Amino acid sequence: MSIRALLALSVVFIMLATTGWTALRPGGAGDPRAAALSSWRHGTIASHKLPDPDSGARTIARFFASLTGGQRLKLTERYPLIVGNLNGAPLTLRYRANHAAIEQARTAETARSHSDQFTVAGRIDAARRAARYTSLLSDHRQILSFDPTGAGRVAEVFGDLKAAERVSVVVPGVDTNLLTFERATKSYAAPVGMATALYDAERAADPGVRTAVIAWADYTTPTGLGLDASTGNMAERGATRLNALLSALPQHAEVSLFCHSYGSVLCGVAAPDLPGRSVSDITVFGSPGMRVQRASQLHTSAHVWAARDSSDWISDVPHLEIAGLGHGADPVNDSFGARVISAAGASGHPGYFAPGTTSLANFTQIALGNYAAVACQDADRTCTSGLA
């Protein structure tokens with residue numbers, strides 16, 4: 001074993017010793033999502049059994065198309081935590097269902113924040129979650145998915161997803177959950193800020209193109225830099241969820257994935273199973289690897305782009321894989337085979353969507369399909385050859 005590999009293993013063991021195993025908080029008997037699923041699976045509408053929530057977007061779409069408007073609303077009101085997360089259900093129903101589910105969650109967390117049955121820390125956590133729910137309910141926000149179980153999952157749409165010609169999906173990395181979905185300072189470092197920055201930049205660059213951006217925090221991410229962040233287990237589960245989302249997007253739209261940090265691991269795992277040819281681009285940035293040694297091993301027809309700013313600490317992480325630990329080759333290395341683009345102006349690991357950065361400008365042009373306007377990392381070499 002090489003010295004570099006031994007050092008890599010040492011780093012992993014040090015991380016495990018200092019951060020420990022990630023402790024997920026699965027829902028128990030009182031979990032509202034589990035209760036809603038049980039009720040749905042035993043429910044009916046007009047004497048017809050309700051479909052399995054995991055039966056696929058096409059099956060779900062056909063089911064809702066067979067219902068009357070009144071029946072759809074009845075299901076939305078009765079099962080908001082289910083309808084709001086059904087890929088294939090009408091978008092307006094999902095938005096409406098998630099609004100109702102978030103209102104219910106806020107009521108529950110507000111009650112917990114004042115209850116003497118909880119510790120001080122528990123009441124503070126409940127108050128923080130209630131405040132996040134209040135934010136999600138404001139300003140006609142389009143919440144595409146919502147699950148308060150454990151640390152929580154959520155996704156939000158910016159723009160008109162149904163009519164969009166081009167759809168971008170922002171896939172974030174570690175420590176992403178309901179409480180970290182958005183932030184007041186350096187907003188571009190959280191999923192909502194990333195998606196907002198990209199959507200605004202797209203509209204400014206080409207107002208005539210109908211675009212939509214999804215801030216997709218609808219998978220359980222690793223907590224900190226422990227074992228979960230060093231393996232692909234959570235990426236594999238997240239990849240299944242991402243491909244389920246992609247299969248439900250408008251068929252006429254070109255889709256671009258923008259995958260940050262551990263999100264790039266997920267996108268690498270998801271790549272071979274991307275639905276059809278609808279995904280035109282996969283852009284990874286601040287990436288620890290995509291669990292392959294070369295871009296060709298992703299087995300995708302999508303263009304693969306990579307970026308890393310010079311101050312990103314991820315460059316110090318060993319880019320290799322040993323016995324399932326680590327995520328493979330560095331996507332910005334020439335040998336990997338990605339199209340390496342400039343991230344000039346970005347600062348640190350979370351700074352790629354900051355206003356005025358070349359990374360944000362490049363993401364915008366990739367999302368719009370304007371490949372000729374993309375700035376390569378090496379100004380003396382092209383990264384857009386062979387692209388229309």
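Guide: Two strands pair if DSSP finds at least two bridges between them; strands are DSSP runs of E of at least two residues and helices are runs of H or I of at least four, both numbered from the N terminus. This is a predicted model, in which local features need pLDDT of at least 70 and side-chain atom pairs count only at pLDDT 80 or more, while totals for chains, interfaces and linings use all residues. Residues are numbered from 1 along each chain as its sequence is written, and side-chain values use heavy atoms, with hydrogens and water left out.

Visitor: In what order do the eight strands of the open sheet lie?

Guide: The order is β3-β4-β6-β5-β7-β8-β9-β10, and the pairing is mixed. At the edges stand β3 (142-147) and β10 (339-340); each has a single partner strand, so one side of each is left without a neighbour in the sheet.

Visitor: In which sense do β8 and β9 pair?

Guide: Strand β8 (residues 279-285) runs parallel to strand β9 (residues 303-307), and five bridges connect them. For D281, the bridge partner in β9 is H303.

Visitor: Which strands does α6 touch?

Guide: Contact here means heavy atoms within 4.5 Å. Helix α6 packs on the sheet and touches β3 and β4 (153-159), its direction making about 55 degrees with that of β3. Such angles run from 0 to 180 degrees between N-to-C directions, and the axes are lines fitted to C-alpha atoms, for helices over the stretch in contact.

Visitor: How is the crossing of α6 and α7 to be read?

Guide: The axes of α6 (residues 91-113) and α7 (residues 120-136) come within 8 Å and cross at roughly 155 degrees. That makes the two helices roughly antiparallel, a label for angles over 145 degrees, whereas those under 35 count as roughly parallel, 65 to 115 as roughly perpendicular and the rest as oblique. The crossing of α6 with α7 is left-handed: the near helix is turned anticlockwise from the far one by less than a right angle, and clockwise would be right-handed.

Visitor: Which residues make that contact between α6 and α7?

Guide: Among them are I102, A105 and R106 of α6 and A126, A130 and Y133 of α7. The contact residues divide into seven nonpolar, three polar and five charged. Ala, Val, Leu, Ile, Met, Phe, Trp, Tyr, Cys and Pro count as nonpolar, Asp, Glu, Lys and Arg as charged, and the others, Gly among them, as polar.

Visitor: At what angle do α4 and α6 pack?

Guide: Helix α4 (residues 69-78) meets α6 at about 30 degrees, with the axes 9 Å apart. The pair is therefore roughly parallel, and its crossing is right-handed. R72, L73, T76 and E77 of α4 face L93, R96 and A97 of α6 in the contact.

Visitor: Which cysteine does a disulfide join to C259?

Guide: A disulfide is a pair of cysteine sulfur atoms within 2.5 Å, and the structure holds two. One of them joins C259 to C267, with S to S at 2.1 Å. This link is left-handed, with -85 degrees about the S-S bond.

Visitor: How do α10 and α11 pack?

Guide: Helix α10 (residues 233-247) and helix α11 (residues 262-270) lie with their axes 8 Å apart, at an angle of about 65 degrees. Their crossing is right-handed. The contact includes A239 and L242 of α10 and V265 and C267 of α11.
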